[in-house]
Amino acid sequence: MWPISDLKKCFGAISPRRRSRSTWRTTVPILVILISTQCAAARLECTIISVADGDTLTCLTAGKKQEKIRLRGIDAPERKQPYGTRSKQNLADMAYGKTATIHWDKRDRWKRIIGTVWVEPADCLGCGHTLEVGRAQLASGMAWWYERYAKEQPPEERYAYQFEQTEARARSVGLWRAPLPIPPWDWRRGIR
């Protein structure tokens, strides 16, 4: 959230006497959008301490609190499903033991944070948190884009995830090597 002083700098240039109704009609919606955007998105800095599967991990905050993170926008194969172990290992190779930045805006019914996880790539030490692991899981063919929840993703993220899945499928990498890969949501319902 922006400090009041910054808001005054932006909008204080218009003196109270000179503010017309049209100025207020323009200014108020902009303020509402800016403030709600700031309130809706949260950021968490932590260290990844475990990987449950290809789309869920646990991190430890500076306050020594453990948080379960469910990667937004992807669904990885289940543990006993083909590519389930490989998907988990791929996520662990990218994230386990690293500091991470989590961008999130909601929790699911199990109180897990639903968000994106950013870490420093192994091949670019000193680059900072520039690797988004959910997107990387899609690019390596270790997860599906979870289209069912696409509306919960920002548009640019949605298009990037769709692109990564399409490219992975075209290159036949990871689970896309299988002739008919079964999505995890069908696997969980017993469709084999």
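Helices here are DSSP runs of H or I with at least four residues, numbered from the N terminus. I start there since my opening residue sits in one. Keep in mind that this is a predicted model.

The residue is Glu164, and its place is in helix 5, residues 155-171. Is Glu164 buried or exposed? Its relative accessibility is 12%. Buried means under 20%, so Glu164 counts as buried. What does the side chain of Glu164 meet there? It makes a polar contact of 3.0 Å with the side chain of Arg135. If we set aside the neighbours within four places in sequence, Glu164 is in contact with Arg135, Leu138 and Ala139.

Now the helix as a whole. Helix 5 has 17 residues, and at 1.5 Å a residue these should span 24 Å. The end C-alpha atoms are 24 Å apart, which agrees. The buried residues of helix 5 are Glu157, Ala160, Tyr161, Glu164, Gln165 and Ala168. Looking down the helix axis, these buried residues fall within an arc of 130 degrees, so they line one face of helix 5. On the face turned away from that buried side, helix 5 carries the exposed residues Glu156, Tyr159 and Ala170.

What covers the buried residues of helix 5? The cover includes helix 4, residues 133-139, along with strand 4 (74-75), strand 6 (113-119), strand 7 (131-132) and strand 8 (144-145). Just after helix 5 comes Ser172, which takes a positive phi of about 55 degrees.

Next, the strands. Strand 1 and strand 2 run antiparallel and are joined by six bridges. They form a hairpin with two residues between them. Within this pairing, Ile48 stands opposite Cys59 of strand 2.

Strand 2 also pairs on with strand 3, residues 66-71; five bridges join these two, and they too run antiparallel. As for strand 2 itself, five of its six residues are buried, so strand 2 is largely enclosed by the rest of the structure.

That brings me to the cysteines. How many disulfides are there? The count comes to two. Counting bonded cysteines along the chain, the pattern is 1-2, 3-4.

The link of Cys46 and Cys59 is left-handed, with -95 degrees about the S-S bond. Cys46 lies in strand 1 (residues 42-53) and Cys59 in strand 2 (residues 56-61), so the pair ties together parts that are 13 residues apart in sequence. Cys46 counts as buried, at 5% relative accessibility. Cys59 counts as buried as well, at 0%.

The other disulfide joins Cys124 to Cys127, S to S 1.5 Å. Are these two cysteines buried, partly exposed or exposed? Cys124 counts as partly exposed at 26% relative accessibility, and Cys127 is partly exposed with a relative accessible area of 34%.

Terms used
Residues numbered from 1 in each chain as written. Predicted model: local features only at pLDDT ≥ 70, side-chain atom pairs only at ≥ 80, totals over all residues. Heavy atoms only, no water. Buried < 20%, exposed > 50% of the residue type's maximum accessible area, 1.4 Å probe, protein only. Polar contact = N/O pair within 3.5 Å; in protein donor to acceptor, adjacent residues only side chain to side chain. Contact = heavy atoms within 4.5 Å. Disulfide = S-S within 2.5 Å. Pairing = 2+ DSSP bridges. Expected span 1.5 Å × (residues − 1). Arc of directions from axis to C-beta.
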